[in-house]
Amino acid sequence: MLSYRHSFHAGNHADVLKHTVLSLILSAMKEKEKPFLYLDSHAGAGRYLLSSEQAERTGEYLEGIARIWQRDDAPALLAPYLEVVRHFNRAGQLRYYPGSPLLARQLLRGEDKLHLTELHVSDYPLLRSEFHKDPRASVLRADGYQQLKSQLPPASRRGVVLIDPPYELKTDYQDGVSAIQEGYKRFATGVYALWYPVVLRQQVKRTLSALEQSGIRRILQIELAVRPDSDRRGMTASGMIVINPPWKLEQQMNALLPWLHQTLVPSGQGHAFARWLVPE
């Protein structure tokens, strides 16, 4: 239980997709003056050293962020995300990968709030040390799913919730959906972003079906595959399910995905799309 460490996978193609989507959501939220809450249910360690034994063992970042972070032809829509990556790698060498909490910390304003939770016994102290001087942030060692009950609705009535579980347990697929349903009851106008891996397509189909039957409207699905679906072990694709997405997000991702797919997957395998799972 709780053996998953994101340090093995930091900066891979799934992180690139997830953090591209997250950066666009947070940028859109800042277009209104009123502050908002960023809630990260499974925040991880926050920062990942790409020369660590774990990252070097898999080398997944080499086929992810390493392929795009210094490209001079990167679309302008990627600027918020890539600027954060460069902020943590100012010497021009790719040494660190900022996870979603650090991405949010850099993109949020002084009046916005962060609520971060992590259960892993090793990752939680690292996360806490990253944020101990940030008055905007609360960092808890707690069940991330329960935060959608205890923290919503936020006082500002504006918020972004990222649910990014490790999927160590098969129940994480249903737990993510259940957490969204609980949060939505309390805070129907919030933006909810659920990350999912494609290891077995049937598991993803069950998640999508549960969301379609939930009665929730305005559900956008964004997916990037680096290989065709397979029965073999290993992640072939990943995606983001976004409820109440900013109005430009579908258009932005459909503009970005061809470049991302071509750059991350030079062989052209797999696919990329942004489409409405449940419309307005």
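Hi everyone, and thanks for coming. Please keep in mind that this is a predicted model.

Let's begin with the sheet. Eight strands make up an open, mixed sheet, running in the order β5-β4-β1-β6-β7-β9-β8-β10. The edges belong to β5 (137-140) and β10 (271-278); each has a single partner strand, so one side of each has no neighbour in the sheet. On average, neighbouring strands are turned by 15° against each other, ignoring direction. Look at β7 and β9 for a moment: they run antiparallel and are joined by seven bridges.

Now the core. The largest nonpolar core counts 89 residues, and Tyr38, Ile65, Tyr81, Ile222 and Met253 have the most contacts inside it. Helix α1 (residues 13-29) gives the largest share, nine residues. If you click on Ile222, you'll find that its contacts include Leu17, Val21, Tyr196, Met253 and Phe273.

On to charges: there are 14 salt bridges in the structure. My pick is Arg201, which meets Glu223 at 2.8 Å, N to O. Glu223 sits in strand β8 and Arg201 in helix α8, so this pair ties together parts 22 residues apart in sequence. Are these two buried or exposed? Both Glu223 and Arg201 are buried. Arg201 also forms a salt bridge with Asp229, at 2.7 Å. Asp229 lies in the loop between β8 and β9, so here the parts tied together are 28 residues apart. Asp229 itself is partly exposed, at 42% relative accessible area.

Conventions:
Residues are numbered from 1 along each chain as its sequence is written. This is a predicted model: local features need pLDDT of at least 70, side-chain atom pairs count only at pLDDT 80 or more; totals for chains, interfaces and linings use all residues. Side-chain values use heavy atoms; hydrogens and water are left out. Two strands pair if DSSP finds at least two bridges between them. Helices (H or I, at least four residues) and strands (E, at least two) are DSSP runs, numbered from the N terminus. Axes are lines fitted to C-alpha atoms, for helices over the stretch in contact, and angles run from 0 to 180 degrees between N-to-C directions. A nonpolar core is a set of buried Ala, Val, Leu, Ile, Met, Phe, Trp, Tyr and Cys residues joined through side-chain atoms within 4.5 Å. Buried means under 20% relative accessible area, exposed over 50%, partly exposed in between (1.4 Å probe, protein chains only). Contact means heavy atoms within 4.5 Å. A salt bridge is a side-chain nitrogen of Lys or Arg within 4 Å of a carboxyl oxygen of Asp or Glu. Lists of a residue's contacts leave out its neighbours within four places in sequence.
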